[in-house]
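Here is a short tour of one protein chain, written for someone just starting out. Have the model open beside you and follow along.

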Amino acid sequence: MQVICFTCFFYLCNGRCITIAKRKDMQHEINERIRDREVRVVGPNGDMLGVMAPRDAQKIADENDLDLVKVSPHAKPPVCKILDYGKFRYEEERRLKEAKKKQKAVSIKEIRMSVRVEEHDIQVKAKNAEKFLMQGHRVKLTIRFRGREMAYTNQGKQVLLDFAKRLEEVGTVEKNPKLEGRNMSIFLTPKGHKDKSKKKQGKEE
């Protein structure tokens, strides 16, 4: 007798419970769901067992009280592994969670200035931009031309390029300054994504 319990996610076959995924959450074909004519089988210890019919591979899985899981459906023939599917799913989800934690959210920090920006303001803004780049953020430098300032777009372009040059040790220019409407912008990408500012603080301590 075969009983499928979707609440507990167990498949009861000949007195043995085999863990399976809920139908709508199924990510892998496992056990009796594998309908290919033949599959390449990897054993419980990672050894290659060769190409065989799924029913023969299933017998080996049953003998080891494990599951037959299709891990490479697009291979020819498909590759299946004999393993504990419940443990396999747990480890897979744990790796995904750890990968998400390690992903650093990289945002774009915008710094605005005028075409007639003073040297003191440039120094302050450059210091802020340097901090953002060292933290791994992209930086967008923008000049907005007001009224008759549109006649000084070439000067504005040079201001942006000179500003970017001040940051060449920590940032790389993605593209040359581009004029869009009354705004001219340039993007800087950090050289490396490690927070060098924290390292610097650590050394000082």
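## Starting at R116

What is the place of R116 in the chain? R116 is in the loop between β8 (108-113) and α3 (119-134). Those element names come from DSSP runs, numbered from the N terminus: helices are H or I runs of at least four residues, and strands are E runs of at least two.

R116 is exposed, with a relative accessible area of 53%. (Buried means under 20% relative accessible area, exposed means over 50%, and partly exposed is in between, using a 1.4 Å probe and protein chains only.) Leaving out residues up to four places away in sequence, R116 touches E149 and Y152; a contact here means heavy atoms within 4.5 Å. Look at Y152 in particular: the charged end of R116 sits over the ring of Y152, 5.6 Å from its centre. To count as sitting over a ring, NZ of Lys or CZ of Arg must be within 6 Å of the ring centre and within 35 degrees of the ring normal. The two residues are 36 apart along the chain, and their C-alpha atoms are separated by 9.8 Å.

## What you are looking at

This is a predicted model, where local features need pLDDT of at least 70 and side-chain atom pairs count only at pLDDT 80 or more, while totals for chains, interfaces and linings use all residues. Residues are numbered from 1 along each chain as its sequence is written, and side-chain values use heavy atoms, with hydrogens and water left out.

Now zoom out. The chain has 5 helices and 12 strands. Of its 205 residues, 34% are buried. Among contacts with a separation of 6 or more, 54% are between residues 24 or more positions apart. The chain exposes about 14000 Å², and 49% of that comes from carbon and sulfur atoms; the areas come from the Shrake-Rupley method with a 1.4 Å probe, and for residues only the protein chains shown count as cover.

## A sheet of four strands

In what order do the 4 strands of the open sheet come? The order is β5-β4-β7-β6, with mixed pairing. The edge strands are β5 (48-52) and β6 (67-72), and each of them pairs on one side only. On average, neighbouring strands of this sheet are turned by 30° against each other, direction ignored. (Axes are lines fitted to C-alpha atoms, for helices over the stretch in contact, and angles run from 0 to 180 degrees between N-to-C directions.) As for what pairing is, strands of a sheet pair through backbone hydrogen bonds, either parallel or antiparallel. Two strands count as paired if DSSP finds at least two bridges between them.

V42 has M48 in β5 as its bridge partner. The hairpin of β4 and β5 has 5 residues between the strands, and there G46 takes a positive phi near 90°.

## Loops worth a look

The loop between β6 and β7 holds P77. A cis peptide bond joins K76 and P77, with omega about -5°.

Next, follow the loop between β3 (16-19) and β4, where N31 lies. N31 isn't a glycine, yet it has a positive phi of about 50°. Is N31 buried or exposed? N31 is buried, with a relative accessible area of 3%. R37 is also found in the loop between β3 and β4, but R37 is exposed at 73%. Leaving aside neighbours within four places in sequence, R37 is in contact with A53 and P54. D65, in the loop between α1 (54-63) and β6, has a positive phi of about 55° although D65 is not a glycine.

## One leucine in a helix

Finish with L161, in helix α4 (residues 153-166). L161 counts as partly exposed because its relative accessibility is 29%. Leaving aside its neighbours within four places in sequence, L161 is in contact with P177 and I186. L161 and L141 are 20 residues apart in sequence and 9.8 Å apart in space, C-alpha to C-alpha.
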